[in-house]
Amino acid sequence: MKKPCLALVLNAHLPFVRKPEIDPFFEERWLFEAISETYLPLLRLFRKLETENIPFKLSIAISPTLLAMLSDKILCDRYSRYLDLQLELAAQEKKRLSGDSVFAPIAQLYHTLYKRNKDDFDNLYLKNILTAFDYFYKKGKIEVLTSGATHAFLPLFQDAPQAIHAQVETAIVTHRSVFGKNPQGFWLPQFGWYPGLGELLHDYNIKYTIVTTRGALLGHPTPFYGSFSPVTTPSGLTVFIRDAGATKAVWSETEGYPADPVYRDFYRDIGYDLDTSYVGPFLGEGIDHGVTGFKYWAVTGHTDQKRPYEPLSAAAKVIEHAHAFLAERKAAARAASFWMKDRQPLIVCPYDAELFGHWWFEGPQFLEALFKTAARKRGDDDLEFVTLSEYDRNFPENPVSEPEFSSWGEGGYAEVWLDGSNDWVHRHSHQAIERMMELAERFPNESGLRERILNQGAREALLTMASDWPLLLRSGQSSSFAKGQIEESVGNFTRIYEMLCANTVDTEWLTTLEKKNNLFPEINYRVFAQKR
Amino acid sequence: MNPEKLSLLSDQELMLLAERMGIYIPDGLDRPFVIEEIISALEDDDRERVFSHDGTGHVEEKKLSGGSYAPYPSHDHSGIPERYNETMIRALPRDPSWIYAYWDISEQKRTSFTEEEASAGLFLRVIELNPQSERKNSFFDIGISMDDWKWYINIPQPGSTYRVDLCLHKSDKIRALARSNEVRMPVYYMQRTQQMPQITKSLLILSGIEGLHLTEPRDDNPNRILMADGE
């Protein structure tokens with residue numbers, strides 16, 4: 001490595017939402033929208049860059065719950081049918097807007113998007129896009145990280161280390177079952193870190209993770225190279241540090257690139273603008289309004305001040321922003337290089353994958369422009385894209401530091417997952433994991449039906465730990481659904497616990513539940529046992 | 001944090017707490033008014049006390065948006081227990097200033113309480129396990145009722161380790177019904193930058209330290225207020 005380095009890291013994650021007994025189930029659209037607007041466009045980008053011989057490197061975390069859903073036949077079949085419906089709506093939109101010189105081209109854009117998605121998903125990937133990620137993973141173009149099994153916010157479980165072991169071990173097993181090898185990197189759910197976590201991750205042979213700038217700089221001792229180099233915890237885990245400038249440039253809702261007026265607006269959607277009689281059939285029975293994905297307006301301003309979306313203007317702006325992004329990172333790296341004589345400075349840019357395409361519609365174009373612009377630069381001080389493990393291999397010796405308790409949530413600590421709106425959840429999730437630990441001790445060597453119910457208990461206990469539901473309870477959106485998800489997994493676990501205590505099993509109920517919450521098929525309930 | 005607890009703090013500690021909370025205290029303000037200002041600020045929505053951080057979590061919510069807003073059908077689960085009929089207390093760290101504690105008292109234990117114990121005998125004892133200052137008291141108490149089951153506890157010393165005991169006054173004796181786990185509180189501010197090598201100081205600036213507000217106000221002389229107050 002002879003140039004300053006830039007590591008782009010994306011986190012692809014969605015909570016486990018699968019309701020085979022309800023068809024269609026509206027919240028499954030979270031998955032469908034993410035596949036349509038982020039995962040498939042990202043894979044198209046990778047293919048395009050490969051075809052054009054443009055070098056690219058990035059790290060991507062795919063959470064275990066997302067792996068479970070992308071591997072699930074029912075969900076993948078439903079997604080394929082969802083695309084049929086979207087294509088039908090696109091055709092209807094083209095008809096509705098026929099002759100409109102402003103909006104008809106946008107309707108055509110959506111028709112093309114969903115047509116490509118349908119072709120790629122059904123024909124190219126045979127309804128399994130994980131094979132495509134695996135292809136680029138094996139070629140070394142991308143590196144896939146794992147994350148907590150159900151995206152638990154780990155600092156709130158630090159007094160129950162077995163539960164964290166269960167999150168990490170289940171995640172590794174799931175990753176290995178899909179990609180055939182152990183992950184090197186671990187994406188901390190919500191960037192939740194606490195001092196001491198490194199030892200646990202290192203015990204599982206995890207090589208590295210990433211923390212916020214705040215968490216790292218508050219660490220002890222203060223990182224010698226600031227955020228321009230990873231640190232190594234006393235236990236030996238490499239901890240990369242998020243770059244504050246790169247974060248603000250893309251994440252900020254007010255000043256970040258996605259807030260530019262020319263980009264497509266996320267909120268205004270025909271699912272709310274048009275009459276129920278028109279959009280209702282595409283949303284599901286009994287649903288009057290909701291997101292369809294058909295959005296015709298630019299960010300511009302408030303709802304009544306928005307101007308029509310102009311894809312060409314947005315495409316030009318993307319290139320401008322990609323240049324600005326690289327120039328700013330290059331300037332920071334050059335300044336850091338002055339002080340760093342024994343290693344190349346590294347700028348770590350981690351984002352939610354779904355930011356690119358779903359929230360920021362032009363996000364995949366931005367990534368394309370980044371890689372293409374960087375490929376044209378030949379200067380010694382120009383940035384080189386690397387994966388995190390690549391940097392780790394080249395610079396294995398880092399300053400030692402233990403980062404501080406931190407997260408990427410508002411306030412920088414745990415308040416997003418622990419306030420008056422969601423604190424009731426923790427009593428139940430901690431109770432479930434304590435009871436699951438108790439069961440793992442009481443029944444260490446079960447097989448047959450009892451092993452099945454213990455394994456399902458472990459799944460439900462893990463589901464109670466998901467950080468997504470407290471997040472939604474706090475934000476107030478989909479909070480009724482979030483509450484239902486928590487109640488359901490706590491209720492399921494409690495019933496399992498009581499059945500085991502009473503030495504009875506309702507086999508029919510268990511079988512139904514196993515078919516419904518079928519994530520982590522290789523789970524071993526003993527992950528909750530005391531580590532000796 | 002309540003007026004009783006605040007009244008146990010020294011003038012210097014009160015001023016430090018006010019400063020940490022971003023409350024402007026004019027010179028010469030009497031002690032009771034300082035306490036009143038702090039209580040008033042605490043009663044405001046604590047979300048308003050925004051501390052700078054390095055990114056928003058709001059985008060995270062976008063991918064889970066667009067829900068139907070329809071009530072979720074909850075017919076297929078057995079419901080969640082209201083209580084678990086055990087005597088316990090757990091403490092969770094929320095940020096450098098706040099611990100969230102929740103507890104329960106088993107039915108058997110509840111029925112053993114006298115009327116007086118049940119009405120006025122319960123309290124939480126918040127214990128600092130590694131006091132970093134020379135304060136006499138390394139614990140403080142919070143009175144609770146039988147109906148309470150959770151409390152957000154404002155703690156005075158970020159960076160310290162605390163434990164919360166669920167206690168009962170019983171016949172002039174204090175009995176701990178349950179002890180929480182130990183909670184090590186995080187810190188707001190980084191170590192003093194003056195003692196760092198120039199390389200680190202420069203790279204911290206390039207890392208954006210100023211925008212993150214990680215250095216303690218008056219880092220150059222953290223005792224300035226205390227000295228002024230003392231004078």
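**Exercise 1. Determine whether helix H17 of chain A is mostly covered or mostly open, and state what follows the helix.**

Solution. The model is a predicted one.

Step 1. The buried residues of H17(A) are Asp468(A), Trp469(A), Pro470(A), Leu471(A), Leu472(A), Leu473(A) and Arg474(A).

Step 2. After H17(A) comes Gly476(A), with a positive phi near 85°.

**Exercise 2. Classify the relative direction of helices H16 and H18 of chain A, and identify the residues in their contact.**

Solution. 

Step 1. Helix H16 covers residues 448-464 of chain A, and helix H18 covers residues 479-502. Their axes come within 8 Å and cross at roughly 150°.

Step 2. Angles over 145 degrees count as roughly antiparallel; H16(A) and H18(A) are therefore roughly antiparallel to each other.

Step 3. H16(A) contributes Ile453(A), Gln456(A), Gly457(A), Glu460(A), Ala461(A), Leu463(A) and Thr464(A) to the contact.

Step 4. Sorted by class, the contact of H16(A) with H18(A) holds 10 nonpolar, 5 polar and 1 charged residues.

Step 5. The crossing of H16(A) past H18(A) is left-handed.

**Exercise 3. Carry out the analysis for helix H15 of chain A and H18(A).**

Solution. 

Step 1. Helix H15 of chain A consists of residues 424-442, and its axis comes within 10 Å of that of H18(A), with a crossing angle of roughly 30°.

Step 2. Angles under 35 degrees count as roughly parallel, and the crossing angle therefore makes H15(A) roughly parallel to H18(A).

Step 3. H15(A) passes H18(A) in a left-handed crossing. Val425(A), His428(A), Ala432(A), Arg435(A) and Leu439(A) of H15(A) meet Ile486(A), Val490(A), Phe493(A), Tyr497(A) and Leu500(A) of H18(A).

Step 4. The class count for the contact of H15(A) with H18(A) is 8 nonpolar, 1 polar and 1 charged.

**Exercise 4. Describe how domain 1 and domain 2 of chain A touch.**

Solution. 

Step 1. Domain 1 of chain A comprises 5-71 + 128-264 + 309-394, while domain 2 comprises 418-528.

Step 2. The C-alpha centres of the two domains of chain A are 29 Å apart. In the contact, 28 residues of domain 1 face 22 residues of domain 2.

Step 3. On the domain 1 side, helix H2 (64-70) and helix H6 (161-179) of chain A are the elements that give two or more residues. The largest share, 10 residues, comes from H6(A).

Step 4. That side of domain 1 has 15 nonpolar, 10 polar and 3 charged residues.

**Exercise 5. State which element of chain B supplies the largest share of the side that touches chain A.**

Solution. 

Step 1. Chain B contains 9 helices and 8 strands, and buried residues make up 29% of its 231 residues.

Step 2. In total, 53 residues of chain B are in contact with 73 residues of chain A.

Step 3. Elements of chain B that each supply at least two residues to this side include strand E1 (88-95), strand E2 (98-104) and helix H7 (198-206). The largest share, 6 residues, comes from H7(B).

Step 4. The side of chain B that touches chain A has 24 nonpolar, 20 polar and 9 charged residues.

Notes. Residues numbered from 1 in each chain as written. Chains lettered and ligands numbered in written order. Predicted model: local features only at pLDDT ≥ 70, side-chain atom pairs only at ≥ 80, totals over all residues. Axes fitted to C-alpha atoms, helices over the stretch in contact; angles between N-to-C directions. Helix = DSSP H or I, 4+ residues; strand = E, 2+ residues; numbered from the N terminus. Parallel < 35°, antiparallel > 145°, perpendicular 65-115°, else oblique. Left-handed = near helix turned anticlockwise from the far one by under 90°. Contact = placed C-beta atoms within 7 Å. Nonpolar A, V, L, I, M, F, W, Y, C, P; charged D, E, K, R; others polar. Buried ≥ 20, exposed ≤ 12 C-beta atoms within 10 Å, placed from the backbone. Domains from an automatic or database assignment.
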